[in-house]
Amino acid sequence: MVERYVMSIDQGTTSTRCILFDHQGRLVSVGQREHEQYFARPGWAEHDPTEIWSHLRRVVVPRALEGAGIRPEQIAAIGIANQRETTVVWDRRTGVPVGHAITWQDTRTSGYVEELRRTTGDDFFLERCGLPPTTYFSAPRLRWLFDHVDGLRERAARGEVLFGTMESWLIWNLTGGPDGGLHLTDATNASRTMLMNIRSLAWDDELLAYFDVPRAMLPEIRSSAECYGMARALLPDVPICAALGDQQAALFGQTCFAPGEAKCTYGTGSFLLVNTGTELVRSRHGLLTTVGYKVGGEPPVYALEGPIAVTGSLVQWFRDRLGLIHSAPEIETLARGVEDNGGCYIVPAFSGLFAPHWRSDARGVIVGLTSYITKGHLARAVLEATGWQTREVVDAVNADSPRPLRQLKVDGGMTSNNLLMQFLADVLDMPVVRPMVSETVSLGAAYAAGLASGYWPDLEGLRRNWHRAAQWMPTMDPARREAEYESWRRAVERSLGWARS
């Protein structure tokens, strides 16, 4: 009998990956390619969607198939995970984007967002889509494009151009592009646009009218795990059976299927999600209400989310902009050379602060500098910034949820840093657990596709694939923990109010 596999396509902020998984949820092979980051002006962050599709087609998928030594017909299903909120608009007839994709990190809409909050307030949006107005989400970017690209809104109203986040762009191209490509999204990605009603999981008429977005350009909203159709380009006749935003995919890959279970993914930014079941919990402490996943015709499972904008990218800044290390792993060695941060704190508000503050006027600060501080202390402050930002989000979760967190499942590239993981356990005062498969974003997309296609039978079967690789327990003195946390909060206060529109 020929072995079959599930393919996961993970279109991320810095690269696109294709990973093949077997029945035990084990990683079989990987293809990966980075793409260009465009920063045309301060606060702008863009990608080239055509480059990303080209890399997937010519490099990423072929490398994964070649690494496993298999043919496309051995793929049981394709699942897609993607960087969320990143906005793509393209011509329906030619398939050519109207410009670069505007990414989730972009802050060009900050002035417009401040106007929304001042004139309309948060509650109008929170009641309908579960999200506050910030530069993070797609709708303000669409409005910006309408205001700055001549004739774009009129073309959108006529159905000549299409909008989507990255999974919509890839599915459309995979299923034929201009020649009948499917234009769809899933509920997790749609829930990040500020255009979907969080209860009905349908495009909201009031929000569309508010942002002046024509319905004709929007994708159809589908479940996260169902077979949408067959790929035509690249992987002919292989079913595409799942799409999830990357952080919801990680929640699924960590098998956080019960209310109260939480994960945090540590990558360019970090994202903590806690399953709240079929109950829609509106945060009062700066978290987002979002769709966790929706399997077929079953009710949606909701989540509370605390996004942190800058964590892994702070290490990259320390390496590439300051030149204090040559590779990311060096930061742990450097930080271990000192006993503590020497009183130094770094608040990495490069694009403002996300949860739980939501302050686009914040900018990065380094406080507590004295002549005693060395680059080792700075290295430690870089790592500790991730820990303290996570603590702020966990505190918000515990204030909002009737089920306090008992442990935190972690994944992503930064979890290989043992010093950071121990610091997390210390400042959270709870166990931090890392699974055997650290690529949980890709695994979650594969699980959803495998579930929809019958490759895996049920959620319990997926749970049995989860195995613990490492665990860190808290050891920090409580008095020290709270004293340092107070210093962190004072540092955050000093980052606020710096940027002006």
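1. This is a predicted model. Counting ring pairs among its aromatic side chains gives 23 aromatic pairs. One of them joins Trp44 and Trp144 in an edge-to-face arrangement, with 5.5 Å centre to centre and 85° between the planes. That pair links distant parts of the chain, since Trp44 is in the loop between β3 (27-34) and β4 (46-47), while Trp144 belongs to helix α4 (residues 138-148), 100 residues apart. Trp44 and Trp144 are both buried.

2. A further pair, Trp388 with Phe423, is also edge-to-face: the centres lie 5.4 Å apart and the planes make 90°. Here too distant parts of the chain are linked, with Trp388 in helix α12 (residues 375-400) and Phe423 in helix α13 (residues 418-428), 35 residues apart. Trp388 and Phe423 are each buried.

3. Beyond these pairs, one aromatic cluster is made up of Trp104, Tyr136, Phe137, Phe271, Phe354 and Trp358.

4. For Trp44, already listed as a partner of Trp144, the charged end of Arg108 sits over the ring, 3.6 Å from its centre. For Trp466, Lys409 lies over the face at 4.5 Å from the ring centre.

5. Turning to the sheets, six strands form an open sheet with mixed pairing, in the order β3-β2-β1-β5-β12-β11. β3 and β11 (225-230) are at its edges; each has a single partner strand, so one side of each has no neighbour in the sheet. From one strand to the next the twist averages 25°. Within this sheet, strand β5 (residues 75-82) and strand β12 (residues 239-245) run parallel and are paired over five bridges. In that pairing, Ile80 stands opposite Ala243 of β12.

6. Which strands does helix α1 touch? Helix α1 (residues 49-68) packs on the six-stranded sheet, in contact with β1 (5-11), β2 (15-21), β3 and β5. The direction of α1 makes about 155° with that of β3. Helix α9 (residues 246-253) packs on the sheet as well, touching β5 and β12, and its direction makes about 105° with that of β12.

7. Another open sheet has seven strands, ordered β15-β16-β14-β13-β19-β20-β21, again with mixed pairing. Its edge strands, β15 (288-293) and β21 (468-472), each pair on one side only. The twist in this sheet averages 30° from one strand to the next. Strand β19 (residues 408-411) and strand β20 (residues 432-435) run parallel and are joined by two bridges; Leu408 stands opposite Val432 in β20.

8. Is helix α6 mainly buried or exposed? Nine of the nine residues of α6 (residues 166-174) are buried, so this helix is largely enclosed by the rest of the structure. The buried residues include Glu167 and Asn173, as well as Trp169 and Trp172. After α6 comes Gly176, with a positive phi near 130°.

9. Helix α14 (residues 440-453) has 14 residues, which at 1.5 Å a residue should span 20 Å; the end C-alpha atoms are 19 Å apart, and this agrees. Of the 14 residues in α14, 12 are buried, so the helix is largely enclosed by the rest of the structure. Among the buried ones are Thr440, Ser442, Tyr447 and Leu451. Just after α14, Gly454 has a positive phi of about 85°.

10. Trp456 is placed in the loop between α14 and α15 (459-463). Its relative accessibility is 4%, so Trp456 counts as buried, the limit being under 20%. Which residues beyond four places in sequence are in contact with Trp456? They are Val6, Asp22, His23, Gly25, Ala446, Tyr447, Gly450, Leu451, Leu462 and Asn465. By contrast, the C-alpha atoms of Trp456 and Ser327 are separated by 39 Å, with the two residues 129 apart along the chain.

Terms used. Residues are numbered from 1 along each chain as its sequence is written. This is a predicted model: local features need pLDDT of at least 70, side-chain atom pairs count only at pLDDT 80 or more; totals for chains, interfaces and linings use all residues. Side-chain values use heavy atoms; hydrogens and water are left out. Helices (H or I, at least four residues) and strands (E, at least two) are DSSP runs, numbered from the N terminus. The expected span of a helix is 1.5 Å times one less than its number of residues. Buried means under 20% relative accessible area, exposed over 50%, partly exposed in between (1.4 Å probe, protein chains only). Contact means heavy atoms within 4.5 Å. Rings of Phe, Tyr and Trp (its six-membered ring) pair if their centres lie within 6.5 Å; planes under 30 degrees apart count as stacked, over 60 as edge-to-face and the rest as tilted. A charge sits over a ring if NZ of Lys or CZ of Arg is within 6 Å of the ring centre and within 35 degrees of the ring normal. Two strands pair if DSSP finds at least two bridges between them. Axes are lines fitted to C-alpha atoms, for helices over the stretch in contact, and angles run from 0 to 180 degrees between N-to-C directions.
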